[in-house]
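Welcome! Here is a short briefing to read alongside the structure. Take a moment to look it over first.

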Amino acid sequence: MITSVLPVSPRAGEKAALLDDSTTAWALAARGGDTDAVERFVRALQRDVQRYVAHLCADPQAVDDLAQDTFLRALGSLHRFEGRSSARAWLLAIARRAVVDSYRYAAARPRLSDVPDWQLAVENAQPRDLPGFDDGIALLDLLDSLPDERREAFVLTQLLGLPYAEAAEAGDCPIGTVRSRVARARATLIDLLAEAEEPTARAAA
């Protein structure tokens, strides 16, 4: 049974909050010239950036490049980061702009092919041989059926554990819009899960 459709658990929320505190402190230290803090900052948030970019980007081959572009932009802008929001929310907002810019750039060039297989990039970024991995892949398949904006809000809050206010900042929309999109995404996913489990339930009866 896939439990990821449910809200982030209190323990997961606490873990995310601790991560945000640490990464924000590292970002501020990196801004002051601490090279060790730069490395810690990048290492701590690299997977979140890759997962988020993979959910936004239609080209799995571009995920690594976009993640690298995100960090290059962030490190070049660290002097403007003041810690008013978490470094993770700030970084994911930069990632979103990097993806948007890549779309604009691609739109100005002839497209040779279109490979809308963003799930592959996410699957490759996931750790193997862990409990719940198969459920996670099944959830990714279901997420593909959601409208882009609802999927983005769900990924930010339920998979990456961002607070709604910071998800709104990363997604460049009001917090009420994020709440609405997450609620609708969760309702759709629950319905899809119920449909997927019906054949199994009938076979077991």
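F71 counts as buried, at 8% relative accessibility (buried means under 20% relative accessible area, exposed over 50% and partly exposed in between, with a 1.4 Å probe and protein chains only). This is a predicted model, in which local features need pLDDT of at least 70, side-chain atom pairs count only at pLDDT 80 or more, and totals for chains, interfaces and linings use all residues. Residues are numbered from 1 along each chain as its sequence is written, and side-chain values use heavy atoms, leaving out hydrogens and water.

**Aromatic pairs**
- The count comes to 2 aromatic pairs (rings of Phe, Tyr and Trp, the last by its six-membered ring, pair if their centres lie within 6.5 Å; planes under 30 degrees apart count as stacked, over 60 as edge-to-face and the rest as tilted).
- F41 and F71 form an edge-to-face pair, 6.4 Å centre to centre with 85 degrees between the planes.
- F41 lies in helix α2 and F71 in helix α3, so this pair ties together parts that are 30 residues apart in sequence.
- F81 and W90 form a tilted pair, with 4.9 Å between centres and 40 degrees between the planes.
- F81 is buried at 3% relative accessibility, and W90 is buried at 14%.

**The chain overall**
- The chain has 9 helices and 0 strands (DSSP runs numbered from the N terminus: helices are H or I with at least four residues, strands E with at least two).
- Of its 205 residues, 40% count as buried.

**Helix α3**
- Helix α3 covers residues 63-77 and reaches 21 Å from its first C-alpha to its last, close to the 21 Å expected at 1.5 Å a residue (the expected span is 1.5 Å times one less than the number of residues).
- V63, L66, A67, T70, F71, A74 and S77 are buried in α3.
- These residues cover an arc of only 140 degrees around the axis, which puts them on the same side of α3 (the arc is that of the directions from the helix axis to the C-beta atoms).
- D64, D65 and L72 are exposed on the other side of α3.

- F41 is buried, with a relative accessible area of 0%.
- Leaving aside neighbours within four places in sequence, F41 is in contact with residues including T23, W26, F71 and W90 (contact means heavy atoms within 4.5 Å).
- R88 is in helix α4 and is buried, with a relative accessible area of 2%.
- Not counting residues up to four places away in sequence, R88 touches several residues, among them D20, T23, D48 and G161.
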